Amino acid sequence: MELQRRRMTRGQLSVLLLFLALTWLPAGGRRPPRPPPCPPGCSCTRDTAFCVDSKAVPRNLPHEVISLLLNSNKFTLIGDNAFAGLSHLQYLFIENNDIQALSKATFRGLKSLTHLSLANNNLQTLPRDLFKPLDILSDLDLRGNTLACDCKIKWLVEWLESTNTTVPAIFCSSPGQFEGQRIRDLAPGDFQCITTDFVVHQVLPFQSVSAEPFTYASDLYVALAQPSASSCAILKWDYVERKLRNFDHIPAHSAVQCKPIVVQDQLYVVVAQLFGGSYIYRWDTAVDKFIKIQDIDSQKTRKPNDIEAFQIDGDWYFVIADSSKAGSTSLYRLNQNGFYSHQALHAWHRDTDVEYVENDGKPRLIISSSSQAPVIYQWSRAQKQFVSQGEVGEMLDVQMVKHFRVKRDQFLCLSRYIGDSKVLRWEGQRFIELQTLPSRGSMVMQPFSVEQRQYLALGSDFSFTHIYLWEEEKQKFVKFQELSVQAPRAFHYVLAADVQLLLAPSFKANTLVYRHMVVDLSL
């Protein structure tokens, strides 16, 4: 009897519990919805979230949220995929914060976003294509930021020209020429974003003191004087690998210059040596090697320093600058039997360099020396010789003389080891000083042009090589880049197919080959 009473009590309890459960179930028999998850510092409903005083963009927001307000928070950066999982989000207001930077993929995945406000933050720039993931964006507010209208914002100018998104007026905070100007009024052409850079393309594992590129039989070569290796190295450009490869070499115990001269289908190389005499070699196609064909008069050329080759009225010449006290700078002319002495120039002056220049259709030689200012010789067609025309300024101890043209103007570069180097301009009858460049320890000052840009490489034995860029409006060179070349002795620009190269021989370290790169700062 007692057992039956207990069973009835348990049965009655089960019925009671079932009744209570059914009483609390909503109509239809389903459980009531749980409140949506909401991160600390946020208030959330089914479709809205509002967050303040957060140190980062909150995670674990309701995935169904349609509207998100992030106002008066403490974070300064919003990273990639900051709103991942919020594919239903339509309204995003990130206002009155101190946000200084956004990542390029900050808004990735927000395919439903139509309204975005970044107003009243501290944004100075915006990553390129920041709004590209927002396919249906209709309204964007960027007001109240300090946008710098430089190359990094050029993409925004282009985007504003093409988008259908409504964007209230925003203004430039800097730089000075654009300050206060409406960004929508700018044009892509207002930005000067194309610059260049010299980067190491190839390291040649040897020292050298000169580099002479030349083309022979449609191939590109470079002749390098290697006194420490007792050689004139001939390298050939590999158009597939885009590198210089070993091709051949000419024995040269103390070479300072290996000057290639291509005359029709003949290739000559003038090898200038400090000791043991200087020679002329010719490439023999029958045996595919260089053959010595001629000695250079050792009484005239005792300590050669530089060689220049040129044509006048169809005749080929080369001139050797001699730096000995007893020798003389000498001119040689090519005839049917080889190159022969044509004229002795500027004897006993310890000449350091020679440059061939044509001014107003008149061939000239400019010879620098250790003992006097550079001298000018002008070609006399009647005498078929160079005639002295006087000196260039009053600069002594000029190590190198080079020239360049900008439009119709002719300029001269004079480098000095002790003292300042100079840039001069031809003014009808003489060169006048235009610019002074500090150049302690400089043995080389080489102007060269790449497409529309005029550069100047000023080397030093004690510091970095400085690359200068010519500014036409200022009529002077301005510092552009530094290159780490130890004890450079020459610079030579060469175009190898579509690769723009700057050869940099070094007296104390590896020879470097730089590549000239065009860089778009807006990308």
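Predicted model: local features only at pLDDT ≥ 70, side-chain atom pairs only at ≥ 80, totals over all residues.
**Entry 1, nonpolar cores.** I looked up the largest nonpolar core, which has 48 residues, and found that Phe-83, Leu-92, Phe-107, Leu-116, Leu-126, Phe-131 and Leu-156 touch the most other members. Strands S2 (48-51), S3 (67-71) and S5 (91-95) and helix H2 (154-162) each supply at least two residues of this core, and H2 gives the most, with 5 residues. I then followed Phe-131, whose contacts, leaving aside neighbours within four places in sequence, include Trp-155, Leu-156 and Trp-159. A second, separate core of 19 residues includes Ile-234, Ala-255, Tyr-281 and Phe-290.

I noted a count of 17 salt bridges. One of them joins the side chains of Arg-242 and Asp-498 at 2.9 Å, N to O; Arg-242 lies in the loop between strands S12 (231-238) and S13 (243-251) and Asp-498 in the loop between strands S34 (492-496) and S35 (499-504), so the pair ties together parts that are 256 residues apart in sequence. I also looked at Asp-313 and Arg-381, whose closest N and O atoms are 3.2 Å apart in a salt bridge, and this pair ties together parts that are 68 residues apart in sequence. Asp-313 counts as exposed at 54% relative accessibility, whereas Arg-381 counts as partly exposed at 45%. Salt bridges that share partners join Glu-308, Asp-353, Glu-355 and Lys-402 into one network.

On the surface I found a nonpolar patch of Val-199, Met-517, Val-519 and Leu-521, with about 270 Å² of accessible area together. Leu-521 is found in the segment after strand S36 (511-520) and is partly exposed, with a relative accessible area of 45%.

Methods. Residues numbered from 1 in each chain as written. Heavy atoms only, no water. Patch = residues over 30% accessible without salt bridge, like charges linked within 9 Å, V, L, I, M, F, W, Y side chains within 5 Å. Areas by Shrake-Rupley, 256 points an atom, 1.4 Å probe, with all protein chains shown as cover. Salt bridge = Lys/Arg side-chain N within 4 Å of Asp/Glu carboxyl O. Helix = DSSP H or I, 4+ residues; strand = E, 2+ residues; numbered from the N terminus. Buried < 20%, exposed > 50% of the residue type's maximum accessible area, 1.4 Å probe, protein only. Core = buried A, V, L, I, M, F, W, Y, C linked by side-chain atoms within 4.5 Å. Contact = heavy atoms within 4.5 Å.
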